[in-house]
Amino acid sequence: MRKAAIWIALAASWILPAAAQAADCCKCFKGGTSIDRSFCVDVAASTNCSQLVANGSAFTDLRTTDADLVSGVTCESGILNGNECETISSGSSSAQCRVLVNNSVAEIRGALSSLGSSPASSEEITEEEEETPFTPIDVDLGVSIGGVSKISGATREEGVVSVPFIGQYVNIVYRYMVGIVLIVAIVMVVYGGFRYLTGATSGNVAKGKEIIRDAMIGMLLTLGAYVILNTINPATVSFEPLRISQISRGLSDWELEELEADASASLDSSGSGLYTNPAAPSGGSDGFVTVDTSRLERLDVDCEGTNSTAIHLNTPVDPSFIEPLRRAAQRFCELRGSNTSWHIRGGGYRGPELSLRLWLKRCLNRVNCTTGTGAPFRPGVVTTSGVKTFTDPALRAMADALLPAPANPYSDSQIQAIYQRTLPMAGVSSGGGHGLGLAADLFCGGATTNQAVALVECQLILEQAMKDAGFCRIPNEWWHFELASNPRSRFCNPDWAIGRVSVRVGTASTPTEFDYSTCDGRFYYNDLGRGNAARACRR
């Protein structure tokens, strides 16, 4: 009996310490690589962490039910041992992860939900502007021409790719061919002279003179070709590089909805910092309208007298916008000077389905929400009884099933059923901007790739052109323009200042006005909202 007790004690001394240790784990990230964007997953010691998202059973199930949650998740290749799987919540100074979860669908879903869901977070929008590295490449000629075997390749500057080697190649070939023609002409002059001197008959003498004359005319034409072409059209001898402007796609409609929601969140709860037009009406009948999109118009015009783009709208606007935008575009052309790749780009109308999805994700079952458009429903559909929910019992029951509301927005899959049920009820307030095509989000195409990042020199020109054409701008969105003369414009300040934006920085209670006109480079809007004002202005 004593021997058995001893063996049991020895076994316990080996087993218990091992059981006390945490399992091995994989360190994973979503939306960044900082520790506050990380979580660790308990795994077997032989697990390949770099393949966990692709092959892990819990992640496989999540890709079927919550694809947007798994989007963008990556795991480090190395595996952490049990002692290294410390978390922030454990209070360890050597914490590896924000939280440690087991390899189950429920726990991984919870960790990912707390980090926020998909489409284009503010951080992704900011980083998208960082240009892909571009390496100039010299062009090696397969056959040396006139001693030249290499010519310069394409280069990129301010979003414009310059391709000079076509003109350089034509120039090299021209000089090479001139040399050949001159050699042939000299040979023909010698041959004509020989015929002239040795001609026994008048016919041979005349033929020799003709050959000499033709060879001399050919030499003169060859050597004078540059003067002739330059007289006819100087562009035929200038050999200017081929210039290709970078395509500026801007932000998608969904990304813009999220960006403007974040901009609305930059104001305090009372709305101070957001201009309110006291003359703006509350709307037509019951403040809700259905938009006839067939009457909206697109705009795509060039600068007068050139073939360079002045303005291009990806989505249509109200007809009352067209002529003012034309004036703004031509004024922009005057102000941009030699920066011919710069142009006005953006869009106007955005349908209610986007506002509906954003409202459900950010506002449902919450006291406060951060959308720029409010509730996109007819009056009486939504109520606030402690939290925002629905008056219809069936819809309210569907909303209650999603309680408690997560700290971050609902995922697309969580609100999909309610979205489908409420889509027929969605519309736009009769005082709305984008929902009526009476607002435009614009940026400098050819200078930047989206609204959240401004090349300041071009942005100031854009704002000046819009102001000269009679547009106003929302104080907290440098990209959002409406007509100052439009009585429906509720939040567009007619006295707005060019080069200034009001943003609530970090945890501050009220917005701060920033003067980005002094920034020598690019200005990153989302860095302000994250409290990193010093980094907002950079090249």
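Which residues are linked in a network of salt bridges? Arg331, Glu334 and Asp468 are linked in this way, a salt bridge being a side-chain nitrogen of Lys or Arg within 4 Å of a carboxyl oxygen of Asp or Glu.

## Basis of the model

This is a predicted model, in which local features need pLDDT of at least 70 and side-chain atom pairs count only at pLDDT 80 or more, while totals for chains, interfaces and linings use all residues. Residues are numbered from 1 along each chain as its sequence is written, and side-chain values use heavy atoms, with hydrogens and water left out.

## The chain as a whole

The chain has 17 helices and 24 strands; these are DSSP runs numbered from the N terminus, with helices (H or I) of at least four residues and strands (E) of at least two. Of the 539 residues in the chain, 41% are buried. Here buried means under 20% relative accessible area, exposed means over 50%, and partly exposed lies in between (1.4 Å probe, protein chains only).

The chain exposes about 27000 Å², and carbon and sulfur atoms supply 57% of that area. Accessible areas come from the Shrake-Rupley method with a 1.4 Å probe, and for residues only the protein chains shown count as cover. Among contacts (heavy atoms within 4.5 Å) between residues at least 6 apart in sequence, 64% join residues at least 24 apart.

Four strands form an open sheet with mixed pairing, in the order 3-1-2-4. Strand 3 (73-80) and strand 4 (100-101) stand at the edges with a single partner strand each, so one side of each lacks a neighbour in the sheet. Two strands count as paired if DSSP finds at least two bridges between them. Strand 1 (residues 25-30) pairs with strand 3 in the antiparallel sense over five bridges, and Phe29 stands opposite Thr74 in strand 3.

Ala44 is found in the loop between strand 2 (38-42) and helix 2 (52-55). At 47% relative accessibility, Ala44 is partly exposed. The C-alpha atoms of Ala44 and Asn103 are 9.7 Å apart, although the two residues are 59 apart in sequence.

## Strand 13 and its partners

In strand 13 (residues 343-347), five of five residues are buried. His343, Arg345 and Gly347 point one way from the strand, whereas Ile344 and Gly346 point the other way. Strand 12 (residues 309-313) runs parallel to strand 13 and is joined to it by three bridges; the bridge partner of His312 in strand 13 is Arg345. The chain passes from strand 12 through helix 11 (residues 322-336) to strand 13 in a left-handed β-α-β crossover. A crossover is right-handed if, with the strands pointing away from the viewer, the path from the first strand over the helix to the second runs clockwise.

Strand 13 also pairs with strand 17 (residues 440-445), in the antiparallel sense and over five bridges. In this pairing, Gly347 stands opposite Asp441.

## Salt bridges

The structure holds eleven salt bridges. One of them joins the side chains of Lys361 and Asp412 (3.3 Å, N to O). Lys361 lies in helix 12 and Asp412 in helix 14 (residues 412-422), so the pair ties together parts that are 51 residues apart in sequence. Lys361 is buried at 2% relative accessibility, and Asp412 is buried at 19%. Helix 12 (residues 352-362) is itself mostly covered, with nine of its eleven residues buried.

Arg500 takes part in salt bridges with Glu513 (3.3 Å, N to O) and with Asp515, where the closest N and O atoms are 3.7 Å apart. Arg500 lies in strand 21 and Asp515 in strand 22, so this pair ties together parts that are 15 residues apart in sequence. Arg500 is partly exposed at 31% relative accessibility, and Glu513 is partly exposed at 48%.

## Two buried residues

Glu463 belongs to helix 15 (residues 456-468) and is buried, at 0% relative accessibility. Leaving aside neighbours within four places in sequence, Glu463 is in contact with residues including Arg473, Trp478, Phe481 and Tyr516.

Thr389 is found in strand 15 (residues 387-390) and is buried, at 4% relative accessibility. Not counting residues up to four places away in sequence, Thr389 touches Leu364, Val381, Val382, Thr383, Arg396 and Ala399.
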